[in-house]
Amino acid sequence: MRCALIVTALLFAACHGSDSSTSAGSGGAPPTTPSAKPMAPVAGSASGSAVAAAGSDAPAMPAPPPEKRLPPPPTIEGHDFTSEGKLLLTVGACGDGTPPDGITADEMNTHCTDVKKAQDDYSASWVKPAREFFAAHVPKDIPKKVVYPFAGGDLSTALTVYPDADEITNMSLEPAGDPRDIDTLRGKDLDKALAKVAYELKFLYRVNFSNTLNMIDAMRGGQLPTELIFALSALKVHGYELVGLHYFKINDDGSLHYLDDADLAKAPEVPKAKAEQRNWLFANAEVLFRKPGGRVQIYRHIRQNLGNEDGKGIGPGLKKDPRVLKYLEAKGPIAAMTKAASYLLSWDSFSLIRDYLTSHVVWMVSDATGVAPKWGKPAGYDYETYGGFVGPHIPAGTGIAKDWRTEFDAEPKRELGFRFGYYDKKNANHLIIMSKKKT
């Protein structure tokens, strides 16, 4: 019965559907090319005559400003899926670009009219106030490596909280998805796949979290890589451009192996194998992105059961398969976030991912599905609450409700003008900042 309860909660989780490459995202000051010393004007030229007329005390011509050169994207050994990523950004996430042959303007208009409206409404109603809040509250000196467990397809919130992160790692039960379908999916099959994408995007942007029961079909069995398209939509909403797309597996030591041509030669072909079978192979994706003229940043999505134990249909847990913990631990101190995570971090069956957070987080934002004071305070964290919390709106949070209620009652009342993940049982918005005490 306990196992059934855990699996049920996992499937209900609104955001859980559920490093070998760090230098690229660190950016740093872009190199500049020293400007050459201006050459003296040639005698007899117009400029030479002007200088002579002005006399020897005339000021020299100013040197041209140094040319700004951005570092190139990092070289990755795996197969490059950037071209597919750009098509998915155009077709699925309605970004700028030309759709591939066989996709009509009518199909694009049907899909993108609703999606662009949802993106614009979301940007105005949620991103703007949330961005202002976090710009005022996120410390400037916290780590630039961000970990977001139980994230579902939500890169957009991470970019709202941490727009200048060097790298962001999201983890959930959904695979990123096979990007190759965009080359062949057409007609009614494409229309059906795009309709799923549009529905889930609009749901995420309307309520500020995703529902795993909905995402099972859309992301695990979707004909288009819906999880990846969610990330591409986030890039569009926040004004970033796609620089690179690769897929990877995590090695036993926590390092990354990027899928290469040899791996693809063994992969099920499109469309001979069902999408769900192929999506499992393309479970983990790495997206390189940047602001126009800015440095390259990294987003990684990892499909992982974050429970301690194995689960039917969701794969091995962290006890049997600790590779993702090794990958995360190699990052050292991190910033973090989570929301709408079905209160799983308060369950004993998720103690391993909770222990990772309490031993590595410097600063973290969450709703009441984050790390509760019961575990955070003994580990040396302070809490700061915003909005109100009386109790959870789902039974999964009943066991930790008193701990959160006590914390909110003890804190000064601080208003919160936007929803961050779940609302409480009184429909109140709430948010918690957990920060490591400075020694």
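Helix H15 exposes Lys402, Asp409 and Ala410 on the face turned away from its buried side. The structure described here is a predicted model, and residues count as exposed when their relative accessible area is over 50% and as buried when it is under 20%. The buried residues of H15, which spans residues 401-410, are Ala401, Trp404, Glu407 and Phe408. These residues lie on the same side of H15, because the arc they cover around the axis is only 135°. The partners of that buried side can also be named: the buried residues of H15 pack against helix H14 (373-376), strand S11 (381-387) and strand S12 (430-436).

Strand S9 presents another arrangement. This strand comprises residues 334-338, and five of the five are buried, so S9 is largely enclosed by the rest of the structure. Burial extends to both faces of the strand: Ile334, Ala336 and Thr338 are buried on one side, and Ala335 and Met337 are buried on the other.

The strand pairings of S9 may be considered next. Strand S3 (residues 145-149) pairs with S9 in the parallel sense, over two bridges; within this pairing, Ala335 of S9 is the bridge partner of Val146. S9 also pairs in the parallel sense with strand S10 (residues 361-366), here over five bridges, and Met337 has Val365 in S10 as its bridge partner.

Together with helix H13 (residues 351-360), S9 and S10 make a β-α-β unit that is right-handed.

Definitions and conventions. Residues numbered from 1 in each chain as written. Predicted model: local features only at pLDDT ≥ 70, side-chain atom pairs only at ≥ 80, totals over all residues. Heavy atoms only, no water. Buried < 20%, exposed > 50% of the residue type's maximum accessible area, 1.4 Å probe, protein only. Helix = DSSP H or I, 4+ residues; strand = E, 2+ residues; numbered from the N terminus. Pairing = 2+ DSSP bridges. Right-handed = clockwise from strand over helix to strand, strands pointing away. Arc of directions from axis to C-beta. Contact = heavy atoms within 4.5 Å.
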